[in-house]
Amino acid sequence: MSGMKFFRKGEGTWEAWRGLEGTRIRRLVGTRESETIGAGIMTMEKQTIVSGNEFDEVIVVLDGEYRSRSEGVEYEAKPGDVFWVPAGTDFELETETTATVFYARYPMDPKVAGES
């Protein structure tokens, strides 16, 4: 696909992340748009998510507050803070309220993106 694509806040399709209640994800860039990178927005409400990556990922906190733990270190994140999560890293992402992140991952894997 060529050319710029624009995503307006509040528009688009949201679904529960991995079917988990209290989560919503809006996949913006997936395998239909790119063979190399994936991106989206996820909102969590009073959740702790345990995850691991087979890809590099950047997570930007858009609103709310998050706590994350990885390899024995805990991070407190607020809007504007950024996590860099290298491939092969296990981590937890937790919020006691409602919070939203933007994520970008590379390389894109259709199985991981839930698009296969």
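Helices (H or I, at least four residues) and strands (E, at least two) are DSSP runs, numbered from the N terminus.

**View A. The order of the elements in the protein chain.** This is a predicted model, where local features need pLDDT of at least 70 and side-chain atom pairs count only at pLDDT 80 or more, while totals for chains, interfaces and linings use all residues. Residues are numbered from 1 along each chain as its sequence is written, and side-chain values use heavy atoms, with hydrogens and water left out. Start at the N terminus and you can follow the protein chain as β-β-β-β-β-β-β-α. The radius of gyration (taken over C-alpha atoms) is 14 Å, close to the 13 Å that the globule rule (2.2 Å times the number of residues to the power 0.38) gives for 116 residues, so the protein chain is as compact as a globular protein of that length.

**View B. Where T43 sits.** Look for T43 in strand β2, which covers residues 38-52. With 12% relative accessibility, T43 counts as buried, a word that here means under 20% relative accessible area (1.4 Å probe, protein chains only). In the protein chain, 36% of the 116 residues count as buried.

**View C. The surroundings of T43.** Contact means heavy atoms within 4.5 Å. Beyond its neighbours within four places in sequence, T43 is in contact with W14, G22, T23, R24, T98, A99 and T100.

**View D. T43 and T100.** The side chains of T43 and T100 are joined by a polar contact of 3.0 Å. A polar contact is a pair of N or O atoms within 3.5 Å; within protein, one must be able to donate a hydrogen and the other to accept it, and residues adjacent in sequence count only if both atoms are side-chain atoms.

Note on methods: Buried means under 20% relative accessible area, exposed over 50%, partly exposed in between (1.4 Å probe, protein chains only).
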